[in-house]
Structures are given as C-alpha cells and as structure tokens.
Amino acid sequence: MIPIKTESAWRGTADCRACGIREEMLFADLHDEDFDLIHTPIDDLEYAPGQPLARAGDTATSLFAVRSGMVKLVRNTLDGRQRIVRVLRSGDVIGLEALLGPVYESDAIALTSVKVCRLPLQVIQRLDRETPRLHQRLLERWHSSLKEADDWLADLNFGNARQRLAGLILKMRSPHDPDISTLFSREDMGAMLDLKLETVSRTLNAFAREGLIESMDKIGRVYRIVDAARLASPKD
C-alpha cells in the first residue's frame, strides 16, 4: 500500500493553482481557464525509499511530477543486471512515454523519501489537446529528458572509475548550493556507473583523503565539494 497523507490525498485543481513550486512543475504555464478543464483528482502522494512508483511493462495510466526527493529509473540488461539510466529530481516528470505508448518503459523507484503529484493520463491528454500552454511545456519536458539522457550517457558511462564517480558527484550537485552533492547507496551508484560496490567505496574514500570532497553526514550520502576544479579532472 502506498502511503498517502490523509489531509492531502486530493489537493485538486485549486491547490495546483497555488502550488509552492508551481514554476518548476508541468502545469506552470496554465491559466485559470485551463484548470477548469481538470475534472479528475490529482493525488499528492509520498513514497518511502525503495518503493516503486511504476514498473516497466505495467499499463501506463498516469504521469508523476516529482515535487521533492529523488527517483531512479531502472532497466534490466540482457544479461540480467540492473542499470540505473537516470535520476529524477524536483520538477522532473516520470512516465512521459505514456503519451505515446501503452506501458511504462522503466522501473521508477524512490531513492529517497519522495513527494509526487500523480497526474491521470486522461487529464494530460485533454489539456494537451485543448491548451497550447501545456503542449509547449510537454515539448520542453521531452527535450529536457532527451538531453539529460544524452548527458548521463556521455558523462557517466565512459572513462575510468574515478572519472565516472567524479562526474556523478558533480551532476548531483544541489541546484540551490553547488558546493553540496547528494548521493545514494554505494550499490545504486555501482548500478548506475557499471562499477563494483567495492570500487565505488574505495574511490569515494580516495576523493575524501585527497581533499576533493568532505562527507557531511554519517552514512556518506551528502558531500561538500571542496575542490570542484580538481574533481572535474580527476587523476588516474
């Protein structure tokens, strides 16, 4: 059972208008008359770390707009391994493929505690037909998703372990404080970078010893970037 806050299980269109981070979300450009087209409840949901929001192959009935936290998109390789192909954060949309196909293409699993707005597909399809403002926003989201996928491939899947891990640390910097980078479990980082867990741990420890990063918590998930220039060009 997915935990849903009782007081916010249905925020409805009025709360979409007043959303505190509306400028980051899919409905940012909608006008009041556009919200009048929404007749299906939009759920405000919370997921605990490790909970799935969607599974690859499941019938796609909704999109999910991430309000806070991080979600990993996971695919299985031909040899049975799991690879994390992207990490989504606040403002990103899960399930855009539902607009063109009947099923989700990746597992979407919460990496941290996550808050999302679940947007029924029929709501998105109607707004896409009847208001150019959402259509433009959807095109921007498609472009952003494609660019992010290209960036992940270019930045995180080439080079040695130090280069890959350095690229991940820099990519996961906070948009509000570029000196802070929030990571996740060593196992997840290994699945993302195609590295062994031991290699990830050893490389992170090396970066810390060399003064490139500094751990900000006991479990090694949040780091302060001490020397971004050296981290961007890590030695072999």
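Me: In what order do the strands of the open sheet that contains β7 run?

Reply: The model shown here is a predicted one, and the answer describes it as such. The sheet in question is open, has four strands and is paired in the antiparallel sense. β2 (52-54) and β5 (82-88) stand at its edges, each with a single partner strand, so one side of each is left without a neighbour in the sheet. Neighbouring strands are turned by 35° against each other on average, direction ignored, and the order asked for is β2-β7-β4-β5.

Me: What angle does the direction of helix α6 make with that of β5?

Reply: Helix α6, formed by residues 186-193, packs on this sheet and touches both β4 and β5. Taking the direction of the helix against that of β5, the angle is about 100°.

Me: Is Val 93 buried or exposed?

Reply: Val 93 lies in strand β6, and apart from its neighbours within four places in sequence it is in contact with Leu 26, Leu 63, Phe 64, Leu 88 and Arg 141. Although Val 66 is 27 residues away in sequence, the C-alpha atoms of Val 93 and Val 66 are 6.2 Å apart in space. The relative accessibility of Val 93 is 8%, and since a residue under 20% is counted in that class, Val 93 is buried.

Me: How are helices α5 and α7 oriented to each other?

Reply: The axes of α5 (residues 161-171) and α7 (residues 197-209) come within 10 Å and cross at roughly 75°. The residues that meet include Leu 165 and Ile 169 in α5 and Val 200 and Phe 207 in α7, and by class the contact has eight nonpolar, two polar and one charged residues. Because a crossing angle of 65 to 115 degrees falls in that class, the two helices are roughly perpendicular.

Definitions and conventions: Residues numbered from 1 in each chain as written. Predicted model: local features only at pLDDT ≥ 70, side-chain atom pairs only at ≥ 80, totals over all residues. Heavy atoms only, no water. Axes fitted to C-alpha atoms, helices over the stretch in contact; angles between N-to-C directions. Parallel < 35°, antiparallel > 145°, perpendicular 65-115°, else oblique. Contact = heavy atoms within 4.5 Å. Nonpolar A, V, L, I, M, F, W, Y, C, P; charged D, E, K, R; others polar. Pairing = 2+ DSSP bridges. Buried < 20%, exposed > 50% of the residue type's maximum accessible area, 1.4 Å probe, protein only.
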